[in-house]
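The following questions and answers concern the structure shown below.

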Amino acid sequence: MNAIRKYLDKIKPNFQKGGKLEYLHSTFDAFETFLFVPNKTTFSGSHIRDYMDMKRTMSMVVLALIPILLFGMWNVGYQHFIANSVESGFWANMLFGARKVLPILIVSYVVGLGIEFAFAQIRGHEVNEGFLVTGFLIPLIVPPDIPLWMVALATAFAVIFGKEVFGGTGMNILNPALTARAFLFFAYPQDMSGEKVWVADALSGATPLGKLMVNEPLASLPSPSDMFFGFIPGSVGETSTLLILLGGLFLIYTGIASWKIIISVFAGGYALALLFNFLGPIIAPENVYMAMPAYYHLIIGGFAFGAVYMATDPVTAAQTNRGKWIYGLLIGILAVLIRVLNPAYPEGMMLAILLMNVFAPLIDYYVVKANINKRLKRFQKTQLATT
Amino acid sequence: MSSTREPLFSSKNIKLLTTPLGRENPITVQVLGICSALAVTVKMQPAFVMAVSVIAVLAVGNVVISLLRKTIAPRIRIIVQLVVAAALVILVDQILKAFVYDISKQLSVFVGLIITNCIIMGRFEAFSMSNKPWPSFLDGIGNASGYGLILIVVAFFRELLGSGTIWGYPVIPQFLYDIGYKDNGLMILPPMALIVVGTIIWVQRAKVKELIED
């Protein structure tokens, strides 16, 4: 470690003002602060020192995602060998999955970080760490068979139009990883939906959502425990509800994700699913989706993954406490609503979160305004009492 | 009236023609006429026909309004402007139906909606109501061309990336499709037109710093 520090100090003057590599200053800065705690101190305003800066926050999220990625790799291999009726062991599954998933991860990081660095250089600000998480999330929410050039294109689109045009990390309205997924979903629907894409190198392998879309009977779904533990086809990282929940607990424990949002998303989705259970026999008896046990909604598709890792994105979620409840509830409700009632979109979670991302500032605005009005009324009351 | 006549293409008049193409572009700077820019730019052919239609309506309309400008009572000027615009739009619509029926079908209501295009009423109100016919004519051509230019640029990218064709001719070589390239379905949807227009605005403002607002 000391050797690295010495080396960095030696080359540092090159990157400072007047140095010959000045134009690369933010690149240097990014690597230096990535390796060491920055030694900068502030000169005015508050002087709170906390090691939870953005880099540590992002590292925590990545840490919480690693088990999901590893399980995702294993599952990609497992589903592939099942679909081709080949016996396979743990390592064979893992190896196959890694060969499918790691290239996606690498492409997503290289393209995304490349663009981030380029923008930081041009604008002369620091390289932000936000992409460390986005780049990790993108491979987890795409089908394993996705062509790599599509991943590259979607990542570029998400970073440029989802983030940089608004001013970079912390200024974006939409969750960048979901922006990438939405781009893929609308641009290349054949590669993002249907029953052909979810199992690598296999002819078919419908996800539970896909089966429900074509009204297959409930009995054709995998067992609830399989869906909970994640032994089902689907996007790489979304299948195992168990690992997602464990990751969620870790994030709540470290104070990064808001438990209010996670709980309200689950509650909203579950409540509407229950309502559909009651209404189903009356308004649409032939719709299998409505009759499905309500808790299924929480363990199939990307619901849990979206609730824990996407909806809680601190930049794009609602900021006020009451706002978080409203925001979360509406995400859950909209996700189930889109799933059940709109046959064109089998997975409503992505669209629900993106939609609520857009509305989050509005929710906050009214929550703050309501609070101001409440206090104003209280103030007027005391005024009346005293006069 | 001054005794020396201004030459037809004085530098002032040329400016009327050229500034709307760039610095005062109706779409990218004034942000007018966005709806049709989103709706008719999937393919280049309809976008081109739309551009020509708007040029015709705006140029002729500007001249008519300019000729009438001293007789129009201020209180009813909007109605008069509307009547002129509507009459011209109907003419254009009939001509399109007669000669390029297929494209007229593709443009559907958007030809009729030229009348609601803010650029038309905007130029009537802002320019031809207070200027002579010849400058009004040039102003109409200039502004409508500025609109048409953006329309065609947007349509070029949307058609190229969304359908792999330009002006209806396939330009993406077959071997690219064979190795896995696919046309981008999002390009055909209206949101992408908005993003393409946004990108043009971005590029323009990066080049012309004076356009950047606070």
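Buried means under 20% relative accessible area, exposed over 50%, and partly exposed in between, with a 1.4 Å probe and protein chains only. This is a predicted model, in which local features need pLDDT of at least 70, side-chain atom pairs count only at pLDDT 80 or more, and totals for chains, interfaces and linings use all residues. Residues are numbered from 1 along each chain as its sequence is written, chains are lettered from A and ligands numbered from 1 in the order in which they are written, and side-chain values use heavy atoms, with hydrogens and water left out.

Q: Is Lys374(A) buried, partly exposed or exposed?
A: Lys374(A) is found in helix α17 of chain A; helices (H or I, at least four residues) and strands (E, at least two) are DSSP runs, numbered from the N terminus. The relative accessibility of Lys374(A) is 48%. Lys374(A) therefore counts as partly exposed.

Q: How many strands does chain A have?
A: The secondary structure of chain A includes 17 helices.

Q: What radius of gyration does chain A have?
A: The radius of gyration is taken over C-alpha atoms, and the globule rule is 2.2 Å times the number of residues to the power 0.38. For 387 residues, a compact globule would have a value near 21 Å. Chain A agrees with this, having 23 Å.

Q: Which residue forms a salt bridge with Asp191(A)?
A: A salt bridge is a side-chain nitrogen of Lys or Arg within 4 Å of a carboxyl oxygen of Asp or Glu. In this pair the closest N and O atoms are 2.8 Å apart, and the partner of Asp191(A) is Lys182(B). Asp191(A) lies in helix α8 (residues 189-192) of chain A and its partner in the loop between α9 (174-178) and α10 (190-207) of chain B, so the pair joins two chains.

Q: What is the relative accessible area of Asp139(B)?
A: Asp139(B) forms a salt bridge with Arg123(B), with the closest N and O atoms 3.0 Å apart. Because Arg123(B) lies in helix α7 (residues 118-126) and Asp139(B) in helix α8 (residues 133-163) of chain B, the pair ties together parts that are 16 residues apart in sequence. Arg123(B) counts as buried at 16% relative accessibility. Asp139(B) is also buried, and its relative accessible area is 2%.
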